[in-house]
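Please consider the following chain and its fold. The briefing below treats its loops, its sheet and its helices in turn.

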Amino acid sequence: MDAQIIDDYLAQVTRAIEMLPRQDLLKVIEILRSARMEGRTVFVFGNGGSAATASHMVCDFSKNTRQPEKPRLKSIALNDNMPSLSAYANDEGYERVFVEQLITLANPGDVALAISGSGNSPNVLLAVEAARQIGMETVGLTGFEGGKLKDLVETCVVVPSDNIACVEDLHMVIDHVLTTILYQT
């Protein structure tokens with residue numbers, strides 16, 4: 001039974017990888033490449049497993065894309081500053097934890113990279129709306145059918161799966177694909 005569960009799960013991940021929308025990934029690469037060359041900052045954020053992905057992604061973007069002849073990719077994970085996150089959650093509500101940080105830190109032209117497995121996390125959606133008002137470029141990583149996030153961002157990579165674990169796995173794969181390309185080009 002355990003072996004069958006392993007095989008079934010790995011088959012789901014494999015199908016999702018095969019169906020991953022390459023054109024959308026190429027759009028994200030161009031956005032990140034442009035931000036890097038123009039010195040703009042990429043703000044990455046999400047909740048739960050997506051917060052862990054955001055943190056990992058920022059580590060990879062900051063460290064593993066470095067090239068001596070190219071500018072560094074400036075990136076910040078909004079979910080990493082626990083004192084700020086908890087202060088905003090306590091004083092203004094959890095739905096504002098990312099919005100308020102973007103209002104303080106972001107500039108027009110910066111990039112908001114929102115991660116939400118369902119595409120329906122209220123604090124992520126509000127942050128994307130704020131990012132648009134600021135004049136930021138907006139990118140989403142989601143799964144299932146894309147949720148509300150898909151139509152709110154300019155560019156969205158929707159993982160073709162309705163299994164949250166598979167969606168989160170592929171968000172990490174996307175991180176590593178983006179990082180590899182940004183390092184090599």
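**Loops, sheet and helices**

Phe144 lies in the loop between S4 and helix H7 (149-152); helices (H or I, at least four residues) and strands (E, at least two) are DSSP runs, numbered from the N terminus. The structure is a predicted model, in which local features need pLDDT of at least 70, side-chain atom pairs count only at pLDDT 80 or more, and totals for chains, interfaces and linings use all residues. Residues are numbered from 1 along each chain as its sequence is written, and side-chain values use heavy atoms, with hydrogens and water left out.

**Loop residues**

- Phe144 has a positive phi of about 50 degrees, although it is not a glycine.
- Most residues other than glycine have a negative phi.
- With a relative accessible area of 30%, Phe144 is partly exposed; buried means under 20% relative accessible area, exposed over 50%, and partly exposed in between (1.4 Å probe, protein chains only).
- Gly48 belongs to the loop between S1 and H3, and its relative accessibility of 57% makes it count as exposed.
- Gly48 and Ser116 are 68 residues apart along the chain, and their C-alpha atoms are separated by 9.2 Å.

**The sheet**

- An open sheet is formed by five strands in the order S2-S1-S3-S4-S5, with parallel pairing; two strands pair if DSSP finds at least two bridges between them.
- Strands S2 (74-77) and S5 (155-158) stand at the edges; each has a single partner strand, so one side of each is left without a neighbour in the sheet.
- On average, neighbouring strands of this sheet are turned by 15 degrees against each other, direction ignored.
- Five bridges pair strand S3 (residues 111-115) with strand S4 (residues 137-142) in the parallel sense, and Val111 stands opposite Glu137 in S4.
- S4 and S5 run parallel and are joined by four bridges, with Gly140 opposite Cys156 in S5.
- In a regular strand the side chains alternate between the two faces of the sheet.
- S5 is covered on both faces: Thr155 and Val157 on one side, and Cys156 and Val158 on the other, are all buried.

**Helices on the sheet**

- Helix H3 (residues 49-63) lies across strand S1 (41-45), S2, S3 and S4, and runs at about 160 degrees to S2. Axes are lines fitted to C-alpha atoms, for helices over the stretch in contact, and angles run from 0 to 180 degrees between N-to-C directions.
- Helix H6 (residues 122-134) also packs on the sheet, where it touches S1, S3 and S4; its direction makes about 165 degrees with that of S3.
- Thr53, in helix H3, is buried with a relative accessible area of 4%.
- Leaving aside residues up to four places away in sequence, Thr53 touches Ile115, His171 and Met172; contact means heavy atoms within 4.5 Å.

**Helix H8**

- The 21 residues of helix H8 (residues 164-184) should span 30 Å at 1.5 Å a residue, and the end C-alpha atoms are 30 Å apart, which agrees. The expected span is 1.5 Å times one less than the number of residues.
- At the start of H8, a side-chain oxygen of Asn163 comes within 2.9 Å of the backbone nitrogen of Ala165.
- Among the buried residues of H8 are Cys166, Val167, Leu170 and Ile174.
- The cover over the buried residues of H8 includes helix H1 (2-19), helix H2 (22-38), H3, S3, S4 and S5.
- H3 and H8 pack at an angle of about 10 degrees, with axes 10 Å apart. The two helices are therefore roughly parallel to each other, a term for angles under 35 degrees.
- Residues making this contact include Gly49, Ser50 and Thr53 of H3, and Glu168, His171 and Met172 of H8.

Methods:
Polar contact = N/O pair within 3.5 Å; in protein donor to acceptor, adjacent residues only side chain to side chain. Parallel < 35°, antiparallel > 145°, perpendicular 65-115°, else oblique.
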